[in-house]
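Trainee: Could you take me through one part of this model at close range? I would like to look at the metal site, and then at what surrounds it in the fold.

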Amino acid sequence: MIYPITLYGNQVLRELCLDIVEGDIDVKTLSEDMFKTMHQADGIGLAAPQIGLSKRIFVVDGSLLEDEDMITFKKIFINPVILQESGDFWEFEEGCLSIPGIRGGVKRRSDIEISYFDENWTKKTETFSGMRARVIQHEYDHIEGKLFIDYLPSIKKKLIKSKLTEISKGNSEVNYKIKT
Ligand code: ZN
């Protein structure tokens, strides 16, 4: 099933998501649907609030990026906890399927340590760096009710304000299904 993608302005994107209780929902079907939804929108990451679900799960798939390290980066993160962030801050221009047409430079630390459950409910603790870490940090922010635009300097926030208002009204030209 392909879900409509929740747009900026929808309250679910600002909620602190709740842990998933094992057995409560079918995480395999849910993650498959999240991958489908993300792929048809040409995304590289998608978090549950973006399909209107206030749950701690996100998926990533870097195969769209022409980057050797990212092409093989496909994962499901359930109830993730970032244990540590380290390394230097580096800036990269980010975008988000929930905020179409807007991009902005975000500084994030280069390395993370994260624990999570995979789709078989096996607990894992792993470290990621560079672009892999960045994609995880962006998606992790989603389940904490945070968006990449929160990091932008106030002058840039002012510049995008009217665009954000239009997005929240559903006035976005995208080739995927959206929900205000
Ligand atoms: Zn996003």
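**The zinc site and its surroundings**

Mentor: Happy to. Along the chain, the zinc donors are spaced as C-x41-H-x3-H. Keep in mind that this is a predicted model. The donor atoms are SG of Cys-96, NE2 of His-138 and NE2 of His-142, and their distances to the zinc ion run from 2.1 to 2.3 Å. Distant parts of the chain are linked here: Cys-96 sits in the loop between strand E4 (74–94) and strand E5 (104–117), while His-142 belongs to helix H3 (residues 130–143), 46 residues apart.

The structure has zero disulfides. Cys-17 takes part in none, and its nearest cysteine sulfur, that of Cys-96, is 13 Å away. Cys-17 is itself buried, with a relative accessible area of 4%.

E4 and E5 pair in the antiparallel sense through twelve bridges, and Ile-82 has Ile-114 in E5 as its bridge partner. Both strands belong to an open sheet of five strands in the order E2-E3-E4-E5-E6, with antiparallel pairing. Strand E2 (45–47) and strand E6 (123–129) are at the edges; each has a single partner strand, so one side of each lacks a neighbour in the sheet. On average, neighbouring strands are turned by 30° against each other, direction ignored. Helix H1 (residues 27–40) packs on this sheet and touches E2, strand E3 (57–61) and E4, with its direction at about 50° to that of E3.

Aromatic rings complete the tour. There are six aromatic pairs in the structure. In one of them, Phe-73 and Phe-128 have ring centres 5.8 Å apart and planes at 55°, so the pair is tilted. Phe-73 lies in the loop between helix H2 (68–71) and E4, and Phe-128 in strand E6, so this pair ties together parts 55 residues apart in sequence. Both residues are buried. Another tilted pair is Phe-117 with Trp-121, at 5.5 Å centre to centre and 50° between the planes. Here Phe-117 is partly exposed, with a relative accessible area of 23%, whereas Trp-121 is buried at 17%.

How values were computed. Residues numbered from 1 in each chain as written. Predicted model: local features only at pLDDT ≥ 70, side-chain atom pairs only at ≥ 80, totals over all residues. Heavy atoms only, no water. Donors = N, O, S within 2.8 Å, 3.2 Å for Na, K, Ca; no water. Helix = DSSP H or I, 4+ residues; strand = E, 2+ residues; numbered from the N terminus. Disulfide = S-S within 2.5 Å. Buried < 20%, exposed > 50% of the residue type's maximum accessible area, 1.4 Å probe, protein only. Pairing = 2+ DSSP bridges. Axes fitted to C-alpha atoms, helices over the stretch in contact; angles between N-to-C directions. Contact = heavy atoms within 4.5 Å. Phe/Tyr/Trp six-rings, centres within 6.5 Å; stacked < 30°, edge-to-face > 60°.
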